Amino acid sequence: MPATVGRRMDRLAPVHRGTRGIDRRTVVRTGIVAAVAYAAWLAIGAFGRPYNFFDMKIYHGAVVWWASGHELYDFIAPSTTLGFTYPPFAGLVMLPMSWLPVDAAGLLNALASIAALAVVLAALLRPIVDRLGWPLWFTVGIATPMALAIEPSRETLGYGQVNLLLFALIMADLIGLRWRAKRGTHHDTADSALARFVYSGIWAGVGIGLATAVKLTPALFVAYLMITRQWRAAMTAIGTTIAVTLGTFALVGEESRTYFSTVLWQTERVGAADMTANQSLAGLLARLYDSIETPGLLWLAFSVLMLALGLSRAASARADGDELTAFTLVGLTANVISPISWSHHLVFVIPAIIVLADAAVRRREASRGLLPRVTGTPATSGVPPLRPPIWYPTLTGVRHGVGALTLYLLFLISPIWPYEHQLPEVSHYQDGLFGALMENSLAIALIALVAALPWRPGAEPAFYHDRLVRTAQLTARR
């Protein structure tokens, strides 16, 4: 037997190791996870900014003020001009933290956000690691600190923001759609009625509805669900938002009237459009024009273009069986077209990095003739593995891998802050063209992702799952 064949047979044969060998491998992997976590901590210190729960102090002060009998939206944080800007439902959700010291509230929010991110990453990475044969705990253990180190996550935790929690609510609906598409599988054999309800996915849309009631920008996901004719999830999201909003109105009618009649339209409450932290299209245009205000008609024209592009590409990604990329495109589009998208809002770059990295791996597998069967098709179903339809060059997938690495490093280093400028004292062109590019680099990356983020056909379809399997089986018989 040739040596190469022998080595292959060794890899295929069952490997019997003692407890000592398994423990050694676990110890090594645990050490790697610890090393990555420590490196992420150092990166936050090197590239992050000083954090002191600045936004949490505003939220905490506002709900303490409100709990003491004052009007919620009359609160102005000491030494600032900033007040509470979220809908009144968010105020009700945050009201219990008025019983805690502000630092304890910030720490509790950080722990909940980290836990939510870890759960989301486990759900998003599960299909990938199952395909590659990697341990899920090890992959998530590495991915979580790496995700926490980049700009949106560290800013969210440091300022006491809620973006990772809203991200988890939205991505929960993605998982619900996946589970609903797999009805009739082993999930139907769950022991309890609650488990069967959860795995049925019929609740998909609740997360988007709650996120929209807390912060209005997730409403774009409702538009996406309607465009792609996911009517049940769309109606669930709309119904959840309306029910929560009406319920809040019944409880705190005065604050609800104030918010929807006045506060919602006071865009100046959150800051000037040209501030460096605003990495939306509106912020980009304001800085390019070296103006505190965004050129309105130009912003509107480009926003409509980006909206159409983002939603159409999301619908195409879904039609090709990649709901994760579809959701990612919608989230990135919301960041681009929103008048204000602070750098801590940009959490959808996390799944964008995952999509790019997986696209690189999948293309490399395809070039070697290792494309998997249709997602969810068991090896015993008679459906043969898909083969690459054309010849793939040796470097297949490299550009996607480089794209994933570049995107990660960009948001890790976050070059906007060394070139931060504030009108009217300092022009945004103070450091020349290079400085202007760096100050707008995250916004430029978002626009590029909306226009060019690839999707992975058949990767993890959240629709007509059974039809995909039947089509593959019929094709194999022919």
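Are F167 and F348 buried or exposed? F167 is buried, and F348 is buried as well; buried denotes under 20% relative accessible area, exposed over 50%, and partly exposed the range in between, with a 1.4 Å probe and protein chains only. The legends below describe a predicted model, in which local features need pLDDT of at least 70, side-chain atom pairs count only at pLDDT 80 or more, and totals for chains, interfaces and linings use all residues. Residues are numbered from 1 along each chain as its sequence is written, and side-chain values use heavy atoms, with hydrogens and water left out.

**Figure 1. Overall composition of the protein.** The protein has 21 helices and 0 strands; these elements are DSSP runs numbered from the N terminus, helices being H or I of at least four residues and strands E of at least two. Of the 478 residues, 47% are buried. Contacts, defined by heavy atoms within 4.5 Å, were also sorted by sequence separation: among those between residues at least 6 apart, 75% join residues at least 24 apart.

**Figure 2. The aromatic pair of F167 and F348.** Rings of Phe, Tyr and Trp (its six-membered ring) are paired if their centres lie within 6.5 Å; planes under 30 degrees apart count as stacked, over 60 as edge-to-face and the rest as tilted. The count under this rule is 16 aromatic pairs. The ring centres of F167 and F348 are 5.1 Å apart and the planes stand at 90°, so this pair is edge-to-face. The pair links distant parts of the chain, 181 residues apart: F167 belongs to helix 8 (residues 163-181), whereas F348 is in the loop between helix 16 (323-337) and helix 17 (349-367).

**Figure 3. The aromatic pair of F221 and F327, with the surroundings of F327.** F221 and F327 form a tilted aromatic pair, with 5.5 Å from centre to centre and 45° between the planes. F221 lies in helix 11 (residues 219-227) and F327 in helix 16, so the pair ties together parts 106 residues apart in sequence. Both F221 and F327 are buried. Not counting residues up to four places away in sequence, F327 touches I170, M171, L174, L177, I208, F221, Y224 and F348.

**Figure 4. The largest nonpolar core.** A nonpolar core is a set of buried Ala, Val, Leu, Ile, Met, Phe, Trp, Tyr and Cys residues joined through side-chain atoms within 4.5 Å. The largest such core has 107 residues, of which F84, M171, F327, L332 and F411 touch the most other members. Helix 5 supplies the largest share of this core, 10 residues.

**Figure 5. An aromatic cluster and two charges over rings.** One aromatic cluster is formed by Y59, Y73, F84, Y86, Y259 and F260. A charge is taken to sit over a ring if NZ of Lys or CZ of Arg is within 6 Å of the ring centre and within 35 degrees of the ring normal. The charged end of R29 sits over the ring of F138, 5.7 Å from its centre. For R49, the charged end sits over the ring of W417, at 3.5 Å from the ring centre.

Figure 6. A salt bridge requires a side-chain nitrogen of Lys or Arg within 4 Å of a carboxyl oxygen of Asp or Glu. The whole structure contains 8 salt bridges. The side chains of D130 and R126 form one of them, at 3.0 Å from N to O; these residues are 4 apart in helix 5 (residues 102-132), a separation of about one helical turn. D130 is partly exposed at 49% relative accessible area, and R126 is partly exposed at 43%. E254 and R257 meet in a salt bridge at 3.4 Å, N to O. They are 3 residues apart in helix 13 (residues 253-261), again about one helical turn. E254 is partly exposed with a relative accessible area of 40%, and R257 is partly exposed at 43%.

Figure 7. The closest N and O atoms of R456 and D358 are 2.6 Å apart in a salt bridge. R456 lies in the loop between helix 20 (441-452) and helix 21 (465-477), and D358 in helix 17, so the pair ties together parts 98 residues apart in sequence. Both R456 and D358 are buried. Salt bridges with shared partners join R131, D322, D358 and R456 into one network.

Figure 8. D55 is located in helix 3 (residues 54-67). D55 is buried yet has no salt bridge, and the nearest side chain of opposite charge, R49, is 8.3 Å away. For charge, Lys and Arg count as positive and Asp and Glu as negative, while His and the chain ends are not counted. Leaving aside residues up to four places away in sequence, D55 touches Y159, Q161 and H344.
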